[in-house]
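Visitor: I'd like to go through this one from the inside out. Can you take my questions as they come?

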Amino acid sequence: MKEWSTALPTLVTFAPLLGILALLLLPNQRVVVHRLVAWVSSVLTLALAVCLYAHFDPAASGMQMAVSVPWFTISMPQFQLEWVFHYAMGVDGLSMPLVLLTAVVTVLAVAASRYVRKRLRTYYMLLLLLQTGMLGVFLANNYFLFFVFFEVTLVSLFFLVGLWGYLGREKAANHFLLYNGLGSGFLLISMVGAMVLGRSLQYDEVAKKIEYMLNAPEVHPVLETLSWVTLISLLIAFAIKLPVFPFHSWMLRVHVEAPIPAVMIHSGVLLKMGAYGMIRFGLGWFPDQMREVAGWLAVLGLVNILYGAVLAFVQKELKRVLAYSSVSHMGIILFGLASLNGTGLQGAVFQAVSHGLISALLFFLVGSLYERTRTTELDELGGLAKAMPVFSGILMVAAMALLGLPGLSGFISEFLAFLGLFETRPVLTSVGALGLVLAAAYTLRALLKTTFGPLKARLVAEGDLVPGETVPMLSLTALIVLIGVWPAVLGDPMQETLKVIVSKIGG
């Protein structure tokens, strides 16, 4: 590994800050230049993320291109305790796909920002700050650093929803802050628990200390209790983020009221932090305890799948259909996690990336539709295949990917997650498969009501997509097809990391 490559995780994480700095130096009136700066910054970050992928060694396990520098120290001499906090960054097979997903979705979100017209400089600065937070979450190698980046995403999204959203934006932002603030509280409790159990917040050190402590011949009851408190706090924090039923109501409001670019990022990337945290910290630090709660995770996954699918079917508005669809698809991720085997875990990560790409594309389409028709109510749409054939064609591919058509990314992710859980819980998996049938029903219902049938008179004059929309949408569609027909491009980098996790949980 070349020495200079250790700087890549840091460069990828903080590259968006260059865009923020440039925007700070520009006057408020230079709207075109603001858009150009955001474009250049997001594309530069994507190029660095691709460079990171090119230097990533799929055959190696553990953190790569890692750097760890002492940051500050907290001492408690009365208890003979001292914690050295590190600035630690790195990438492994679990974070690599999510870093690429973040970079890609952010470029698409910048493209969709053509629909945002007020206070552009501040808007783009918050969008780029959000990107830094997301990348930092996936590239941090220290739990304190993870927590800092996690909070950055919370603050920046709160303002994006509250200032640039639709009519109910303030309620949605407050709801988001309330739930996610509660999640941050549990995350803080888990961090304190990790500090006590691991005497460090470096990922590997905490895992080794907890493994050594819990496998000792006699485990002190207080430490055993603390390990459970830490794990449950972790699971609640990330269950809110994913979200898992019944912590999902805040997500529905954000999906409906947030500006389209923020929804693309929220649905595409931010929800996946919950899955990332459960795998990284839950399975990575507490493999034995996770075996004991895996059944509950599977049941919650089943509830998510069926509850989200049924409610998606009865919705009369497109964004609500997609919102409940996301709830349902997060249940598939839980299925993969609960399987506790390599196939299921691979399916969970595939589903995180696949759903990120598909939902970003679908919300981009919904945003372009709303800009033209000023409605996303299903009863007010219809026949758009005649007026907007390019839009309708891309919408059809995205819808097919959402319901898991073979050859598209949704199929391979759902197949792996269900197959993985079927090995251990066949009955529950079979019931969960009903969600796939319902997914086909609500997806086709929404697609048919939007694009087929008689064209509404008020929609006759609507124009089709313009190149500024078509090119990024087709690029995203190409990625969905690429993963569907060549899953190794995503699967190979994660193999060795997942093998290590699976060896711990005995899957």
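Visitor: How many cavities of 30 Å³ or more does the structure hold?
Guide: Six cavities reach 30 Å³ or more. A cavity here is a set of points, on a 1 Å grid over the protein atoms alone, where a 1.4 Å probe fits but cannot get out; lining residues have an atom within 4 Å of a point. Grid points are joined across faces, edges and corners, and a volume is the space filled by probe spheres set on the points.

Visitor: Before we go on, what kind of model is this?
Guide: This is a predicted model: local features need pLDDT of at least 70, side-chain atom pairs count only at pLDDT 80 or more, and totals for chains, interfaces and linings use all residues. Residues are numbered from 1 along each chain as its sequence is written, and side-chain values use heavy atoms, with hydrogens and water left out.

Visitor: Good. How much space lies in the largest cavity?
Guide: About 130 Å³. It is lined by 13 residues, and the closest to its centre are Leu318, Leu322, Leu362, Leu395 and Ala446.

Visitor: Which helices supply at least two residues of that lining?
Guide: α13 (318-339), α14, α16 (389-402) and α19 (434-451) each do. α19 gives the most, with five residues. Helices are DSSP runs (H or I, at least four residues), as are strands (E, at least two), numbered from the N terminus.

Visitor: And how does the lining divide by class?
Guide: There are 11 nonpolar, two polar and no charged residues. Ala, Val, Leu, Ile, Met, Phe, Trp, Tyr, Cys and Pro count as nonpolar, Asp, Glu, Lys and Arg as charged, and the others, Gly among them, as polar.

Visitor: What about the second largest cavity?
Guide: About 50 Å³ of space lies there. Its lining includes Leu94, Lys272, Tyr276 and Ile333. α11 gives the most, with four residues. By class, the lining has nine nonpolar, no polar and one charged residue.

Visitor: Switching to charges. How many salt bridges are there?
Guide: The search of the whole structure finds seven. A salt bridge is a side-chain nitrogen of Lys or Arg within 4 Å of a carboxyl oxygen of Asp or Glu.

Visitor: Which partner does Arg280 have?
Guide: Asp92, with the closest N and O atoms 2.7 Å apart. Arg280 lies in helix α11 and Asp92 in the loop between β2 (81-91) and α3 (95-112), so the pair ties together parts 188 residues apart in sequence.

Visitor: Are those two buried or exposed?
Guide: Both Arg280 and Asp92 are buried. Buried means under 20% relative accessible area, exposed over 50%, partly exposed in between (1.4 Å probe, protein chains only).

Visitor: Where does Glu469 come in?
Guide: Glu469 forms a salt bridge with Arg372, at 2.7 Å, N to O. Glu469 is in helix α20 (residues 467-485) and Arg372 in helix α14, 97 residues apart. Glu469 is buried, with a relative accessible area of 1%. Arg372 is buried too, at 18%.

Visitor: What does Arg117 pair with?
Guide: Glu371, at 2.9 Å, N to O. Arg117 sits in the loop between α3 and α4 (120-139), while Glu371 is in helix α14 (residues 342-373), 254 residues apart. Arg117 counts as exposed because its relative accessibility is 57%. Arg117, Glu371 and Arg374 are linked in a network of salt bridges.

Visitor: Now rings. How many aromatic pairs?
Guide: There are 29 in the whole structure. Rings of Phe, Tyr and Trp (its six-membered ring) pair if their centres lie within 6.5 Å; planes under 30 degrees apart count as stacked, over 60 as edge-to-face and the rest as tilted.

Visitor: How do Phe14 and Phe149 sit?
Guide: They form a tilted pair, 6.0 Å centre to centre with 50° between the planes. Phe14 lies in helix α1 (residues 8-25) and Phe149 in helix α5 (residues 143-164), so the pair ties together parts 135 residues apart in sequence. Phe14 is partly exposed at 28% relative accessibility. Phe149 is buried at 7%.

Visitor: And Phe146 with Phe281?
Guide: That pair is edge-to-face, at 5.0 Å centre to centre and 75° between the planes. Phe146 is in helix α5 and Phe281 in helix α11 (residues 272-285). Both are buried. Phe146 and Phe281 belong to one aromatic cluster, with Tyr276 and Trp285 also among its members.

Visitor: Last one. Which ring does Lys319 lie over?
Guide: Tyr370, at 5.8 Å from the ring centre. Arg445 lies over the face of Phe313, at 5.6 Å. The test is NZ of Lys or CZ of Arg within 6 Å of the ring centre and within 35 degrees of the ring normal.

Methods: On a 1 Å grid over the protein atoms alone, a cavity is a set of points where a 1.4 Å probe fits but cannot get out, and a pocket is an open set with protein on both sides within 12 Å along at least five of seven lines; lining residues have an atom within 4 Å of a point.
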